Amino acid sequence: MLLARVIGTVVSTRKDPSMEGLKFLLLRPVDVDGKESGAPVVAVDAVGAGMHEVVMYATGSSARQTVATKDRPCDAVIMGIVDSWDVAGEMKYRKGADR
Amino acid sequence: MLLARVIGTVVSTRKDPSMEGLKFLLLRPVDVDGKESGAPVVAVDAVGAGMHEVVMYATGSSARQTVATKDRPCDAVIMGIVDSWDVAGEMKYRKGADR
Amino acid sequence: MLLARVIGTVVSTRKDPSMEGLKFLLLRPVDVDGKESGAPVVAVDAVGAGMHEVVMYATGSSARQTVATKDRPCDAVIMGIVDSWDVAGEMKYRKGADR
Amino acid sequence: MLLARVIGTVVSTRKDPSMEGLKFLLLRPVDVDGKESGAPVVAVDAVGAGMHEVVMYATGSSARQTVATKDRPCDAVIMGIVDSWDVAGEMKYRKGADR
Amino acid sequence: MLLARVIGTVVSTRKDPSMEGLKFLLLRPVDVDGKESGAPVVAVDAVGAGMHEVVMYATGSSARQTVATKDRPCDAVIMGIVDSWDVAGEMKYRKGADR
């Protein structure tokens, strides 16, 4: 899984019928310093993530192993909201404590 | 999924028989500012996307979870046409409003 | 799928028994200007591609969805020979018209 | 698989129910000189790895082939703790001998 | 598949039980000029490759399509030893003729 911050939303009316009712969030991975980095990713939200939160997302066939995404053309799913992450004991992010 | 713009088409007469009748579009991913970036990708169109539109595409085995692509040697499928996407409430793209 | 040019061949006598009889071609992806770019890829040829031709190849589990590659340790397959591709109507490649 | 060092931990209370009870470690791949490099990865620990140890992790559907991760939205699993690795006979890492 | 050179070995005593008895080799991909390039990869050896040889390896679920790796948390397998590879007829590598 990768750590990413929820940075936005994506609206799509015309889509594969199996994707109806799913929520698409725009993520951006964070680097080892917690800084947003690289290309944005669209993920289905399986856990009720909020804007600006840091989440974990799974890609590939693993993204279809949630109730919401099973057998759907979905290759990225948010499967966890991050409370905190640290590097060698140094807290790099704690939910609610940044921004 | 990744956000990408439809930039062109690919014609292939001699192909795996299971791919007959599918439409191949050339996509280019967009970065967090909406700018086209990186290598082009050939995706099967499962939703009737048009030239210059921004779409979402799924890759890997997830690209085979549409009626059009099931059990085929297809690793990228357009599964949604994007109406709009935003970063923290700031609209970065709205269909029909650019180009 | 990615667009790539067939640039060479790979010979392997000692290989997984299930790969016997398959033809390995060396590909190099092309960028949006049609220029070869990045690392070479070894793909099984499922369509009879020729040297210097531009092809489409599929990767991952999708590379096992052809008769030639089913259930084999193959993660890249040429599944289409490209006749032509264009960007916004401008022809970037037409088979037989380059090199 | 990739070689990576365990650099931290990730805490997630709100997650896909199937992920309950799993331990999430933060890894960073190492390059050919053994130096940490690139984006951090969150992996489920299937072998009891410790902080600062070098491990091997598997990604994609292969990450679901352990008892701990089967059928779960997990795309990275630590499946081996590295005792040592070498390049052409030159030891680059031996567990317990660095840091 | 990618072309890579066998550059070393990895020893792991504590690992997923299903990985017992497998041989882990350290590979480094080669670029179009045959030069080692990029991050090292740990692959299971399914064909008896030797140090310094150039091999082909498959990744992802395709890495589990050999007898040695079936149903195991393995995402990279050496499935062929390369005798030679060429670019447009120019031999870039012939087994036994380099180093």
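Chain A and chain C do not touch, with their nearest C-alpha atoms 10 Å apart; contact here means heavy atoms within 4.5 Å. Chain B and chain D do not touch either, and their nearest C-alpha atoms are 10 Å apart. This is a predicted model, in which local features need pLDDT of at least 70 and side-chain atom pairs count only at pLDDT 80 or more, while totals for chains, interfaces and linings use all residues. Residues are numbered from 1 along each chain as its sequence is written, chains are lettered from A and ligands numbered from 1 in the order in which they are written, and side-chain values use heavy atoms, leaving out hydrogens and water.

**How chains B and C are related**

- The copies use different surfaces, and 3% of the contact residues of chain B recur in chain C.

**The interface of chains B and C**

- In this pair, 30 residues of chain B are in contact with 26 residues of chain C.
- The size of an interface is often given as the accessible area lost when the parts come together.
- Chain B and chain C bury about 2,200 Å² between them, 54% of it on carbon and sulfur atoms; buried area is the accessible area (1.4 Å probe) that two parts lose on being put together, summed over both.
- B:Arg14, B:Pro73 and B:Asp75 supply 26% of the area that chain B buries against chain C, more than any other three residues.
- There are zero salt bridges between chain B and chain C, where a salt bridge is a side-chain nitrogen of Lys or Arg within 4 Å of a carboxyl oxygen of Asp or Glu.
- Polar contacts, by comparison, link 15 residue pairs between chain B and chain C (both at pLDDT 80 or more). A polar contact is a pair of N or O atoms within 3.5 Å; within protein, one must be able to donate a hydrogen and the other to accept it, and residues adjacent in sequence count only if both atoms are side-chain atoms.
- On the side of chain B that touches chain C, β1 (2-11), β2 (24-29) and β3 (41-45) of chain B each supply at least two residues. Strands (E, at least two residues) and helices (H or I, at least four) are DSSP runs, numbered from the N terminus.
- β1(B) gives the most to that side, with five residues.

**The interface of chains D and A**

- Here 30 residues of chain D are in contact with 26 residues of chain A.
- Chain D and chain A bury about 2,200 Å² between them, and 54% of it is on carbon and sulfur atoms.
- D:Arg14, D:Pro73 and D:Asp75 supply 25% of the area that chain D buries against chain A, more than any other three residues.
- The salt-bridge count between chain D and chain A is zero, while 15 residue pairs are in polar contact across their interface (both at pLDDT 80 or more).
- β1 (2-11), β2 (24-29) and β3 (41-45) of chain D give two or more residues each to the side of chain D that touches chain A.
- The largest share of that side, five residues, comes from β1(D).

- β6(E) pairs in the antiparallel sense with strand β1 (residues 2-11) of chain C over four bridges; two strands pair if DSSP finds at least two bridges between them.
- Opposite E:Trp85 in β6(E) stands C:Val10.
- β6(E) also runs antiparallel to strand β7 (residues 90-94) of chain E, joined by four bridges, and E:Tyr93 in β7(E) is the bridge partner of E:Trp85.
- The hairpin of β6(E) and β7(E) has two residues between the strands, and E:Ala88 takes a positive phi near 50° there.

**Two residues to look up**

- E:Ser61 sits in the loop between β4 (54-59) and β5 (76-81) of chain E, and counts as buried because its relative accessibility is 12%.
- The side chains of E:Ser61 and C:Arg64 are joined by a polar contact of 2.9 Å.
- Not counting residues up to four places away in sequence, E:Ser61 touches C:Ser61, C:Arg64 and D:Ser61.
- D:Thr59 lies in strand β4 (residues 54-59) of chain D, and counts as partly exposed because its relative accessibility is 33%.
- D:Thr59 touches D:Asp75, D:Ala76 and E:Asp75, not counting residues up to four places away in sequence.

Definitions and conventions: Buried < 20%, exposed > 50% of the residue type's maximum accessible area, 1.4 Å probe, protein only.
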